[in-house]
Amino acid sequence: MRVIPLGPDGLDELADYARLTDVALRRVTEPEGGLYIAESSKVITRAIAAGHVPRSVLLAEKWLAEMEPILADFPEVPVYVGDAATLETLTGFHMHRGALAAMHRPELPDMAELIRDARRIVILEDIVDHTNVGAIFRAVAGLGADAVLVSPRCADPLYRRSVRVSMGTVLQVPWTRMPEWDDAREILSAAGFHVAALALDERAVTLDEFSAAAPEKIALMLGSEGDGLSRQALHHADSTVIIPMLHGVDSLNVAAASAVALWELRIRE
């Protein structure tokens, strides 16, 4: 590995890791700069296995041996090594997971190509909490949906917290940004998807009723944490589905609801 000890002088390359706790800064620099941060050896391993390329790695010296086989195919990638205090000063938090890697973002696939052979997909409309995005991706990976579409204003799946909460599954699940609703609906219809909106609506059918006669190809729409799905999204839905609740509770957290719905709508073969 190309190991570079951290000294007192700053390095331009370390700007990728600076001020990681400044959410506003990272929302601008990550998508615009074409990078994301992978945290922990497990997540870095999954990113590389998915074909993503590291630009650099930052870690404490005790993690060098563990990272060496992971980075074997990237001998020219700089690996910056420092003590715990230096790393915390640089990143703004204690790196108890051992390693960070600045990864080049892969080019997102075309929506039509992504969903062409899929049977179960999930659409995230304007979900703003990175924790919820990561948890939904983990449910998608664990319960067997084929792909995720995220709206233009949905939180970034490759944001560090989303990747961490998903346990790296955002690097395994196929996903892309979809266009605005009119264009997206045309692509979904051309691919043969029945669009089911998970929403509180007096016209909604229960999840078990919908599942009993489930269409072959389902696109499950999930809306934002506060307002739920937009009127435009509901206008483009073929069905509205509700999870029946007890004791006066009207709904679940969006990530929990996604897991319940994906389990009920799983492919049974």
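Helices and strands here are DSSP runs, numbered from the N terminus. With that in hand, let's work through some exercises on this predicted model.

**Exercise 1. Find where His236 sits, decide whether it is buried or exposed, and list its contacts beyond its sequence neighbours.**

Step 1: His236 belongs to the loop that joins α10 (231-235) to β12 (239-242).

Step 2: apply the cut-off. Buried means under 20% relative accessible area. The relative accessible area of His236 is 13%, so His236 is buried.

Step 3: look for partners. Setting aside the neighbours within four places in sequence, His236 is in contact with Trp181, Asp182, Arg185 and Val195.

**Exercise 2. Do the placing and the accessibility step for Glu202, then give its C-alpha separation from Ile242.**

Step 1: Glu202 lies in the loop between β9 (194-198) and β10 (205-206).

Step 2: a residue is exposed over 50%. Glu202 has a relative accessibility of 80%, and therefore counts as exposed.

Step 3: Glu202 and Ile242 are 40 residues apart along the chain, and their C-alpha atoms are separated by 9.4 Å.

**Exercise 3. Work out which residues of helix α4 are buried, how they are arranged around the axis, and what covers them.**

Step 1: in α4 (residues 84-91), the buried residues are Leu87, Leu90 and Thr91.

Step 2: these residues are on the same side of α4, because the arc they cover around the axis is only 85 degrees. Ala85 and Thr89, on the other side of α4, are exposed.

Step 3: the cover over the buried residues of α4 includes β3 (53-60), β4 (78-82) and β5 (99-104).

Step 4: just after α4 comes Gly92, with a positive phi of about 90 degrees.

**Exercise 4. Give the strand order of the 7-stranded open sheet, then say which helices lie across β6.**

Step 1: the order is β8-β7-β6-β11-β9-β12-β10, with parallel pairing. Strands of a sheet pair through backbone hydrogen bonds, either parallel or antiparallel.

Step 2: find the edges. β8 (175-177) and β10 each pair on one side only, and these are the edge strands.

Step 3: zoom in on one pair. β9 and β11 (residues 218-222) are joined in the parallel sense over 4 bridges. Ala197 stands opposite Met221 in β11.

Step 4: Helix α6 (residues 130-143) lies across β6 (120-124), β7 (147-150), β8 and β11, and runs at about 175 degrees to β6. Helix α8 (residues 181-190) lies across β6, β7, β9 and β11, also at about 175 degrees to β6.

Note on methods: Residues are numbered from 1 along each chain as its sequence is written. This is a predicted model: local features need pLDDT of at least 70, side-chain atom pairs count only at pLDDT 80 or more; totals for chains, interfaces and linings use all residues. Side-chain values use heavy atoms; hydrogens and water are left out. Helices (H or I, at least four residues) and strands (E, at least two) are DSSP runs, numbered from the N terminus. Buried means under 20% relative accessible area, exposed over 50%, partly exposed in between (1.4 Å probe, protein chains only). The arc is that of the directions from the helix axis to the C-beta atoms. Contact means heavy atoms within 4.5 Å. Two strands pair if DSSP finds at least two bridges between them. Axes are lines fitted to C-alpha atoms, for helices over the stretch in contact, and angles run from 0 to 180 degrees between N-to-C directions.
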